[in-house]
Amino acid sequence: MKQKQASGRHCFVCGVENAFGLGLKFYELSPGEVTAETTIAEHFQGYPGVVHGGIVAAMLDEVSARSFSGDDPPRFMVTVQLSVRYRRPVPVGQRLVLKGHAIQDKGRSAIAKGEIYDEQGVLLAEADAVLANIPTEQSQGWQSGTDDWKVYPD
């Protein structure tokens with residue numbers, strides 16, 4: 001069963017009030033597995049018709065980290081290292097499917113994988129991420145249900 005994850009108000013990738021962001025909505029499919037679907041607008045392209053590589057990396061970064069954030073309270077992590085492999089050009093204006101997978105939990109750090117597919121299921125880009133916990137004292141005010149971090153209705 002898909003369960004919607006919380007979003008921030010101003011996050012570039014998921015922010016519901018960021019007029020310049022991507023506005024992605026993430027759903028947990030099962031523990032350690034998340035997904036999102038999106039169509040990227042032309043103003044995020046690099047070459048004509050192709051999503052800018054930095055935007056691709058941002059989406060892979062977010063979907064990877066979110067594979068570990070489904071706990072209650074949520075687990076907030078930052079990316080320490082992101083290794084991206086661009087397999088094919090990621091098109092603007094077409095439906096994309098993002099998938100994130102928790103690979104290994106090491107306590108204070110973790111390893112995750114992110115993938116972007118086209119609507120036919122062709123792998124376009126993938127990444128391996130090394131993540132680290134954000135200190136609790138820093139993320140204390142971010143818990144689910146606050147105005148800055150909550151599940152917003154679709």
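Two strands pair if DSSP finds at least two bridges between them; helices (H or I, at least four residues) and strands (E, at least two) are DSSP runs, numbered from the N terminus. The model is predicted: local features need pLDDT of at least 70, side-chain atom pairs count only at pLDDT 80 or more, and totals for chains, interfaces and linings use all residues. Residues are numbered from 1 along each chain as its sequence is written, and side-chain values use heavy atoms, without hydrogens and water.

Strand 3 (residues 27-30) pairs with strand 4 (residues 33-39) in the antiparallel sense over three bridges. Glu-28 has Val-34 in strand 4 as its bridge partner.

Turn now to the largest pocket. On a 1 Å grid over the protein atoms alone, a pocket is an open set of points where a 1.4 Å probe fits, with protein on both sides within 12 Å along at least five of seven lines; lining residues have an atom within 4 Å of a point. The largest pocket holds about 450 Å³ of space, and 19 residues line it. Glu-62, Phe-76, Met-77, Ile-134 and Trp-149 lie nearest its centre. Helix 1 (53-66) and strand 5 (77-86) are the elements that give two or more residues to this lining, and helix 1 gives the most, with four residues.

Definitions and conventions. Grid points are joined across faces, edges and corners, and a volume is the space filled by probe spheres set on the points.
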